[in-house]
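Try each task before reading its solution.

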There are 2 protein chains.
Amino acid sequence: MTETLGSTGEFGLIEAVTRSLPRGEDVLVGPGDDAAVLAVPDGRMVITTDLLVEGRHFRQDWSSAYDVGRKAAAQNLADIVAMGARPTALVVGFGGPADLPTAWALELNQGLADEAELLDVSIVGGDTVQSDKIVVSVTAFGSLDGRSPVLRSGARPGDEVAVAGRLGWAEAGYAVLNRGFRSPRTVVDAHRRPQPPYAEGPRAALAGASSMCDVSDGLIADLGHIAVASEVVIDIRSQALAIPEPLQAVAAATGADALTFVLTGGEDHALVATFEPADVPDGWTVIGSVAEGNESLPAGTVTVDGATYTGATGHAHFRS
Amino acid sequence: MTETLGSTGEFGLIEAVTRSLPRGEDVLVGPGDDAAVLAVPDGRMVITTDLLVEGRHFRQDWSSAYDVGRKAAAQNLADIVAMGARPTALVVGFGGPADLPTAWALELNQGLADEAELLDVSIVGGDTVQSDKIVVSVTAFGSLDGRSPVLRSGARPGDEVAVAGRLGWAEAGYAVLNRGFRSPRTVVDAHRRPQPPYAEGPRAALAGASSMCDVSDGLIADLGHIAVASEVVIDIRSQALAIPEPLQAVAAATGADALTFVLTGGEDHALVATFEPADVPDGWTVIGSVAEGNESLPAGTVTVDGATYTGATGHAHFRS
């Protein structure tokens, strides 16, 4: 008989999960008490939280439990590095139905743990509850190691806009899966398991990035957040955006526009930042520039090749 | 037309919610960026997380959105004070269906904010997503202000066991609601909106508490966590447990045993701690004692009046 959450029970699951959690030296009190205690030698803690819900953020027939774990950790860790910080720890809330195989929860946990271990991140606590649909909440922590946080509000006219990491791959993977296909495998894998360019967040901060965020809503939407917060206009040069071959293949097969994947696809968790022209670090690609707003292009606007983009700009929750 | 999450949209909801969040001076970067930044002058951060799911932790016909917010904050803040720490901040994840009235989400937020403001706690960030059932995840943070954390593992033979706060009230309220009634109002209110004795956590730490936890699974179950972690035997003296009049009334009306509410009811988030006899602070009631394990009563055992308790010991998630 397959063991399920109902037969394993809350405390059994916690015990099984806790055994395999990555735990670094900064964990003063780990899982098993009312709360964890984490050393914060910098005196400042960077904090972000995300909620993933079955059917909305993942589908069991598209993604394995392991993939969901990797993705849940990755999207939070990407938010930490987008502040220029080094990720240090996670806590996880998990809800699932009583008839869910216990193996599913353990594989999810393994995915979370493996993504965390990529960055020597500790998993310091969590909660498990019963729910009809699977729910995963992750709260991630990071250290600025003495640096200032890189906010969305610091972009200045004259800065260049640069990206690190993939754009549009996860969106192309979603387009493929949504039509019932499983290939090209590279884009499907990108949808299932993002690969944020973690090291580039702290590197950009050290290089003097004036603003930064991760691309989770889509390049235009997320640059819009920077443009609004910084009260500037941002122009993207489409020629500077490489359209990788798999995205071209998906676009050709589905009748979509490959550039749309790149401009509006979220969930690859690339990083986009602004720098003074001399500061752009190796590994970053310049894709645009920052200017002052004016009467015809007010501050907060993002343009593509100088013109307002008229397509969809990214997904928003609650609206379909 | 009633405004719903679908018509307000994710960004509209975030904007409405963010306006009214409590924010203290320790919030270096608040909501609106990839992550928040919180000052942690103590150099250590106490962290706990809980997930609340509609139908499992609350019902819309039993609790208002405001009550759910108060309760979600309270149960996390209780975990922080149970470490002897002072709560400082919260982050919140919220999922709800597109047809949920926006007012529901705003009232939930007001409940979270009001409970947080009781303790000058800041709400520093969050996430909103779409989900079929309402889900609320809260991660809470606290400062030890130079003190050592009070763990579950420090109880010593010879210590006295003492409690602060209510026991059994929320469970009696649940029993009433579960039978379709709405009174006695005091116990129904206790189920909807716990009142943890927040100030008693740091006070117990300062008084030298050797172990502490909050009563969320039930007194016997939670003392069991202390007994196991501390490798001791704990005896509860039932005569020392006051049975308040409303619990007696509910027991009489429902055919239940009022002492069972007190021994096994969770969710009031009372605090239970162990102290050397001379250290028990004002405001705490001695209800038992700590002894070494022996052959007939091995370490990890909790007894009531010297005998093993044979009733149910508290609720466990996943098992029904």
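The model is predicted: local features need pLDDT of at least 70, side-chain atom pairs count only at pLDDT 80 or more, and totals for chains, interfaces and linings use all residues. Residues are numbered from 1 along each chain, chains are lettered from A and ligands numbered from 1 in written order, and side-chain values use heavy atoms, without hydrogens and water.

**Exercise 1.** Find which side chain makes a polar contact with B:Glu54.

Solution. Start with the location: B:Glu54 sits in the loop between strand E3 (44–53) and helix H2 (65–81) of chain B. B:Glu54 is buried and has no salt bridge. Buried means under 20% relative accessible area (1.4 Å probe, protein chains only). A salt bridge needs a side-chain nitrogen of Lys or Arg within 4 Å of a carboxyl oxygen of Asp or Glu. The nearest side chain of opposite charge, B:Lys133, is 6.0 Å away. The partner is B:Gln60: its side chain meets that of B:Glu54 in a polar contact of 3.2 Å.

**Exercise 2.** Describe how H4(B) and H8(B) pack.

Solution. Take the helices: H4 spans residues 169–178 and H8 residues 245–254 of chain B. Their axes are 10 Å apart, at an angle of about 30°. H4(B) contributes B:Trp169, B:Ala172, B:Ala175 and B:Val176 to the contact, and H8(B) contributes B:Pro246, B:Leu247 and B:Val250. Contact means heavy atoms within 4.5 Å.

**Exercise 3.** Is B:Ala278 buried or exposed?

Solution. B:Ala278 lies in the loop between strands E10 (270–275) and E11 (285–291) of chain B. Its relative accessible area is 77%. Exposed means over 50%, so B:Ala278 is exposed.

How values were computed. Helix = DSSP H or I, 4+ residues; strand = E, 2+ residues; numbered from the N terminus. Lys, Arg positive; Asp, Glu negative; His and termini not counted. Polar contact = N/O pair within 3.5 Å; in protein donor to acceptor, adjacent residues only side chain to side chain. Axes fitted to C-alpha atoms, helices over the stretch in contact; angles between N-to-C directions.
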